[in-house]
Amino acid sequence: MESLVICAAITGGGPAKSPHHPRTPKEIAYAALHAWQAGAAMVHCHARLEDGTPTNAPHVYADLLARIKDLGCEAIINFSAGDNGGRSNHEERLSVINTGADIVSLGGGSFNIGTRLYDNSPEFRREMATRMNAAGVTPEFELFDLGQIQGLQWLADKTLLPAKPLVTIVTGVPGALPDDIEAVNIVLKRLPNGAHWSIACQTASFESHRRLMLGAFSLGGHIRTGMEDCVYIRPGVLAKSNAELVTQWVETAQIWGRPIATAKDARLALGLPAPMSDSQMLVTAV
């Protein structure tokens, strides 16, 4: 079984789910540092203003990246280009590409999320992938439903995705895949050979979250944890930090003898380029 890449989804774009949930840029940056120190090779971040409001503003993302790097965090930086609950349009989401992140999320397709449309049209996905290729940014294909595998394959055929794409299977979101390992197995049978995959299990049920994540781990998937997805460390007990959630999976992997990938290991496995220098990040952000 390949080394386990742990991604810490630090905060998400929705309301805080816990008093320990990081919300300000400073809190998010320190949470990223501590998650990396605990064993996360990657951190997935949503930018927030000082009052905790989610935003896709490029200068806020660039500032967050600088804060994380200034703290000495060497984790792979994965930024969300989601629509922040419908607040961000396509152009605002596209602007996240040029903020210096190693990886930027790419919505796998449109669907009804609760009572609204999450708009990831074919034109938007193609433009997103094209701009990421031009900027040297790796797409994280977020797959919300089985039919979106067709869009994944189309982008792969156009060489707009890496040969071994990075795929996050999202479950538990209203309108997306259910929290069901059988549904995940159907997806896995249809992913491109060699795809790197993990599950973002965003359910309010701790039992469903535990069952699905342990299933993914046993099937050889990578692990995405963190307060965007689940704020409980065990039934009824809130995690005090993202780092505590990461530690839980480090210890699980150690118990079962699965190696933990460092950020350097994960970069090699995912085919990511070496980290950009401070001067390169400054030019990209501008």
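Ser121 is buried, at 16% relative accessibility. Buried here means under 20% relative accessible area, exposed over 50%, and partly exposed in between, with a 1.4 Å probe and protein chains only. The structure is a predicted model, in which local features need pLDDT of at least 70 and side-chain atom pairs count only at pLDDT 80 or more, while totals for chains, interfaces and linings use all residues. Residues are numbered from 1 along each chain as its sequence is written, and side-chain values use heavy atoms, with hydrogens and water left out.

Ser121 sits in the loop between strand E6 (116–118) and H4. Helices (H or I, at least four residues) and strands (E, at least two) are DSSP runs, numbered from the N terminus. Beyond its neighbours within four places in sequence, Ser121 is in contact with His90 and Ser110. Contact means heavy atoms within 4.5 Å.

Most residues other than glycine have a negative phi. Asn84 is not a glycine, yet has a positive phi of about 50°. Asn84 lies in the loop between strand E3 (76–79) and H3. At 6% relative accessibility, Asn84 is buried. Thr159, also a residue other than glycine, has a positive phi near 55°. The loop that holds Thr159 runs between helix H5 (148–157) and strand E8 (166–171). Thr159 is exposed, with a relative accessible area of 60%.

The interior was examined next. In soluble globular proteins, nonpolar side chains tend to be buried together. A nonpolar core is defined as a set of buried Ala, Val, Leu, Ile, Met, Phe, Trp, Tyr and Cys residues joined through side-chain atoms within 4.5 Å. The largest such core holds 62 residues, of which Val43, Phe79, Met128 and Ile199 touch the most other members. Helix H1 (residues 25–38) gives the largest share of this core, 6 residues. Apart from it lies another core, of 11 residues, including Ile76, Leu166, Ala261 and Leu272.

Met128 has contacts with Ala81, Arg93, Leu94, Ile97, Val104, Ser105 and Leu106, when residues up to four places away in sequence are not counted. Ala32 is found in helix H1. Its relative accessible area is 0%, so Ala32 is buried. With residues up to four places away in sequence left out, Ala32 touches Ile10, Val43, Ile68 and Cys73. Between the C-alpha atoms of Ala32 and Asp102 the distance is 15 Å, and the two are 70 residues apart in sequence.

Charged pairs were then listed. A salt bridge is a side-chain nitrogen of Lys or Arg within 4 Å of a carboxyl oxygen of Asp or Glu. The whole structure contains 10 salt bridges. One of them joins the side chains of Arg131 and Glu91, at 3.2 Å from N to O. Arg131 lies in helix H4 (residues 122–135) and Glu91 in helix H3 (residues 90–94), so the pair ties together parts that are 40 residues apart in sequence. Arg131 is partly exposed at 30% relative accessibility, and Glu91 is partly exposed at 47%.

Arg131 also forms a salt bridge with Glu127, with the closest N and O atoms 2.7 Å apart. Both Glu127 and Arg131 lie in helix H4, 4 residues apart, about one turn of the helix. Glu127 is partly exposed, at 35% relative accessibility.

In helix H7 (residues 206–218), Glu207 and Arg210 are 3 residues apart, about one turn of the helix. Their side chains meet in a salt bridge of 2.3 Å, N to O. Glu207 is partly exposed at 39% relative accessibility. Arg210 is partly exposed too, with a relative accessible area of 35%. Elsewhere, a network of salt bridges links Glu50, Asp63 and Arg67.

A pocket is an open set of points on a 1 Å grid over the protein atoms alone, where a 1.4 Å probe fits, with protein on both sides within 12 Å along at least five of seven lines; lining residues have an atom within 4 Å of a point. The largest pocket contains about 680 Å³ of space. Volume here is the space filled by probe spheres set on the points, which are joined across faces, edges and corners. The lining of the largest pocket has 31 residues, of which Gly13, Gly14, Ile113, Gln202 and Glu228 lie nearest its centre. That lining divides into 9 nonpolar, 15 polar and 7 charged residues. Ala, Val, Leu, Ile, Met, Phe, Trp, Tyr, Cys and Pro count as nonpolar, Asp, Glu, Lys and Arg as charged, and the others, Gly among them, as polar.
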